[in-house]
Amino acid sequence: MRVVEKAQLMSASEIDRTLQRVAHEIVERSGGTKHLALIGIVRRGVPLAQRIAQAMRGIDGVDVPVGILDITLYRDDLSKVAPQAVLRSSDIPFGVDNMDLVLIDDVLYTGRTIRAAMNGLFDLGRPKRVSLCVLIDRGHREMPIEAQYIGRTVQTSDTEIIEVRLNEIDKEERVVLVDRVEP
Amino acid sequence: MTLRTRDLLALEPLTAEELSFLLDQSKPFQEIQRHPLKKLATLRGKTVALAFFENSTRTRISFATAASRLGADTMNLQAEASSLKKGESLLDTVQTLNAMKPDCLVMRHASSGAPDFVAHHLDIPVINAGDGTHEHPSQGLLDALTIRDRKGTINNLNVTILGDIQHSRVARSNIHLLGKFGCNFTLCGPAMWVPEELEKIAGPNTKIRRVFKVEEALEGADVINVLRVQTERQHEPSISAEDYILGYQLSAERLRLASPDAVVLHPGPMNRGIEITPEVADGTQSVVLEQVTNGIAVRMALLYLAISGDAEDAAHPAAESAPPRNRRSTDRKDA
């Protein structure tokens with residue numbers, strides 16, 4: 001099985017503009033940022049959450065806390081993931097009770113990651129509201145989960161993979177659509 | 001980074017990289033100890049067999065709590081109730097347990113090497129919860145994690161171990177772990193408990209010295225591990241309590257000889273007023289209760305690593321790929 005790049009979906013500047021836009025949307029729809037907090041899902045949701053928080057500071061000096069959530073321990077496919085899936089640390093330095101939380105991830109696909117993330121969040125307390133923000137929604141849901149803030153919706157086939165590459169992790173900045181093809 | 005085997009029988013054969021990996025993987029589980037809801041469903045439907053052929057309270061409860069917080073069930077075998085009393089062999093006992101299909105065996109045994117022997121005969125992962133005077137790997141890991149949290153590092157520390165080192169598997173696991181990070185060891189206790197051969201147990205790169213005056217042993221220490229004066233593993237006449245207190249008890253006055261930010265560990269259960277004074281045990285330098293809390297985190301990590309990722313089918317598309325781990329059947333079972 002080979003992987004070939006089919007198309008570039010977003011450039012660096014498009015990613016930046018999109019994050020600026022969703023930052024505005026989150027502030028607008030939250031009706032006050034007093035109880036607002038962002039939770040980045042490990043790994044690529046974390047830099048995205050930090051960038052959205054940065055963008056919010058530019059809007060009207062809104063400073064929202066950012067937490068980090070690793071969902072590995074909450075997966076429902078423990079025996080199917082790679083052997084000894086490496087755990088990364090979660091770090092949510094604020095109480096989640098009565099908070100208005102926005103989960104941030106790069107790609108929304110089956111919805112299972114978000115299901116796991118919500119399980120993780122509810123172990124920490126009882127948030128007032130949880131919404132979801134993703135850079136790409138690629139469809140193919142297996143759970144009744146939808147995002148409230150979407151960077152871009154992309155029609156995909158099952159064999160295709162969306163790779164969000166971010167400077168902080170991948171040393172490049174773009175979103176590409178790749179496909180698995182028989183050799 | 002993956003481990004070479006799913007068993008954890010001893011710390012001695014592990015590399016510094018593997019030991020750091022185990023400590024790092026314990027961190028997410030330390031966070032879970034602070035959650036209001038501490039129970040995960042990660043190992044739901046899995047069973048951990050706890051076979052303690054030697055009495056144990058805290059280690060057994062710690063492993064049982066770790067399993068339960070991961071969502072796993074436990075099967076318990078305890079020495080007093082076991083059929084060993086009826087003459088069943090160790091191998092028959094563990095094979096009977098294994099026939100009940102647990103996913104992992106945690107065992108403690110009074111004979112050094114017993115978990116190794118069992119691991120060679122079972123196809124499930126075996127975790128050593130203390131074997132004779134050999135090793136106590138999860139204790140060694142939780143000690144290192146506690147030290148790392150307090151001191152910020154486990155590199156190049158002066159570690160003083162006080163007490164009955166000859167009979168201590170905790171001391172051996174401490175030395176085999178911390179020795180790989182450049183720590184220097186001072187072993188101190190009555191001469192019959194600190195025999196000369198201990199200086200050689202960790203190879204030529206680990207500096208181990210024996211000292212028989214506690215004041216000298218404590219000077220400049222960054223870490224002090226106070227061992228329990230244990231009666232159950234002594235086969236020779238021992239020292240009187242009065243003489244031990246006079247010669248080796250860790251008191252506040254003696255602790256002042258150590259580095260000002262030295263931490264005091266004790267594997268428990270403590271004999272207050274014998275090897276340690278209550279003032280030191282409850283003092284700010286004592287990390288005894290942190291050790292207990294960290295013990296659950298370390299054991300959760302060990303159970304998670306032993307049991308998870310068992311399937312050999314392909315990785316989930318969203319998961320990062322990791323190289324396949326060596327199965328036991330391909331490495332040591334044939335050896």
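Colleague: In what order do the five strands of the open sheet in chain B stand?

Modeller: The order is β7-β6-β5-β8-β9 in chain B, with parallel pairing. Strands here are DSSP runs of E, at least two residues long, and helices are runs of H or I, at least four long, numbered from the N terminus. Two strands pair if DSSP finds at least two bridges between them. This is a predicted model: local features need pLDDT of at least 70, side-chain atom pairs count only at pLDDT 80 or more, and totals for chains, interfaces and linings use all residues. Residues are numbered from 1 along each chain as its sequence is written, with chains lettered from A and ligands numbered from 1 in the order written.

Colleague: Which helix lies across β8 and β9 of chain B?

Modeller: Helix α5 (137–151) of chain B does, at about 165° to β9(B). Axes are lines fitted to C-alpha atoms, for helices over the stretch in contact, and angles run from 0 to 180 degrees between N-to-C directions. Contact means C-beta atoms, placed from the backbone, within 7 Å.

Colleague: How is chain B divided into domains?

Modeller: Domain bounds come from an automatic or database domain assignment. In chain B, domain 1 covers 16–134 + 294–311 and domain 2 covers 137–290. The contact takes 18 residues from domain 1 of chain B and 18 residues from domain 2 of chain B.

Technical notes:
Contact = placed C-beta atoms within 7 Å.
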